[in-house]
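Take a moment with the sequence and the 3D view. We will walk through the metal sites and then move on to a set of strands.

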There are 2 protein chains.
Amino acid sequence: MLAASALENLIEALKRLPGVGQKSAQRMAYHLLQHDREGARQMAKALSTATESIGHCQRCHTFSETELCLICSDGARDARLLCVVETPADQAALERTGSYRGYYFVLLGRLSPLDGIGAREIGAEELLARAAQTEVEEVILASSFTAEGEATAHVLAEALRSRGIKATRLARGVPVGSELEYVDLGTIAHALSDRR
Amino acid sequence: MLAASALENLIEALKRLPGVGQKSAQRMAYHLLQHDREGARQMAKALSTATESIGHCQRCHTFSETELCLICSDGARDARLLCVVETPADQAALERTGSYRGYYFVLLGRLSPLDGIGAREIGAEELLARAAQTEVEEVILASSFTAEGEATAHVLAEALRSRGIKATRLARGVPVGSELEYVDLGTIAHALSDRR
Ligand SMILES: [Zn+2]
Ligand SMILES: [Zn+2]
């Protein structure tokens, strides 16, 4: 084959991107090598930097380059509200609506006992400790409206309520079966104001 | 925003991949950071290695990590045939058919005067010199069947023939496995006039 190892390695590596199969990976590799080597170098650098410097916020668990993320470091937000999401991408979607001013807790997953993802893996203990802080008045459970997301919300709501903490769920304006990251912002905003 | 710079840089870099917009780039970045950091590191390495080590074959201009590519270095191929393609990807497609055993010349583009891509940019001089070598008996013009690809084939055919070199073109016709009903009319018309 042509330029065997380096080209083949590049195609294999690109196939690890979600939604990218053999054909797309080939097209990407050829494009970068023929038309955008500067882009390829830039991408290599961005990937290295990201894997090296992006860790997790010690407080809310979202991606962060610092011990506390920008949101957790922002004293001007509403400390009475704590919003629980599955992923940093879901958190970013909520932020883009511009209609939430509280803090977050990112589960980095959802309960899925069959896959070995239990309460510990989603940081339930830390969430309960965080929610027990006196300034927190309400925990908004914004996990996905999928079977696993609903189960996650249910389990967390039970645990929170048994500790006397108010737990709400995003309103069902969010289409059932969809993941928050892909929902249009207006729908998310409505679901936020209609939370129950 | 979350983990501002490194994450945003990664998303911007991923957007340089063909067919990847803001949403896909975000999804890719979050996926790599949350689920496949090893994949991200591997991709960074593959991109660096590829941009550093993959150049062009001095003889046929395809991608190569060595001065002469594997095909040009292969003395067992049929030196009477020289196939002209637009890109290394086109060459790879032809190789995968397993039905061509000659050598190649890769234009790395096609004539597009409005974009400043003329005979020099596609290496027409080198191609003519290569085709003039005594062992070459036929140059197969396998540029795309687009307006620019056709124009490229036409110009090169004229130049080759004026030097007494036989130039042929890939046959136009109905793709194997397709039903006539779904083939575009121009293709059917060509298949009809080129019938053999
Ligand atoms: Zn945080
Ligand atoms: Zn070569």
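Start with a term. Four donors count as tetrahedral if all angles lie between 85 and 135 degrees. Donors here are N, O and S atoms within 2.8 Å of the metal. Keep in mind that this is a predicted model.

Now use that rule on chain B. The zinc ion (ligand 2) has four protein donors: the SG atoms of Cys57(B), Cys60(B), Cys69(B) and Cys72(B). They lie 2.3 Å from the ion. The angles among the four donor atoms run from 106 to 116°. The site of ligand 2 is therefore tetrahedral, as every angle must fall between 85 and 135 degrees. Along the chain, the donors of ligand 2 follow the spacing C-x2-C-x8-C-x2-C. Are Cys57(B) and Cys60(B) buried or exposed? Both are buried.

Next, turn to chain A. The zinc ion (ligand 1) is held at 2.3 Å by the SG atoms of Cys57(A), Cys60(A), Cys69(A) and Cys72(A). The angles around ligand 1 are 106 to 117°, which makes this arrangement tetrahedral. The spacing of its donors along the chain is C-x2-C-x8-C-x2-C. Cys69(A) and Cys72(A) are buried.

What does the record say about this stretch? An unreviewed UniProt entry places a "zinc finger region: C4-type" at residues 57-72 of chain A. Over those residues the chain is 0% helix and 12% strand.

E5(B) has strand partners. One is E3(B), residues 78-85, which runs parallel to E5(B) and is joined to it by four bridges. In this pairing, Leu82(B) stands opposite Val139(B). Another partner is E6(B), residues 167-169. Three bridges join E6(B) to E5(B), and these strands also run parallel. Here Ile140(B) has Thr168(B) as its bridge partner.

Finally, trace the path from E5(B) to E6(B). With helix H6(B), residues 147-162, these two strands make a β-α-β unit. What is its handedness? The unit is right-handed.

Definitions and conventions
Residues numbered from 1 in each chain as written. Chains lettered and ligands numbered in written order. Predicted model: local features only at pLDDT ≥ 70, side-chain atom pairs only at ≥ 80, totals over all residues. Heavy atoms only, no water. Donors = N, O, S within 2.8 Å, 3.2 Å for Na, K, Ca; no water. Tetrahedral: all angles 85-135°; square planar, octahedral: opposite > 155°, others 65-115°. Buried < 20%, exposed > 50% of the residue type's maximum accessible area, 1.4 Å probe, protein only. UniProt positions renumbered as here; feature names shortened; annotations may be inferred. Pairing = 2+ DSSP bridges. Right-handed = clockwise from strand over helix to strand, strands pointing away.
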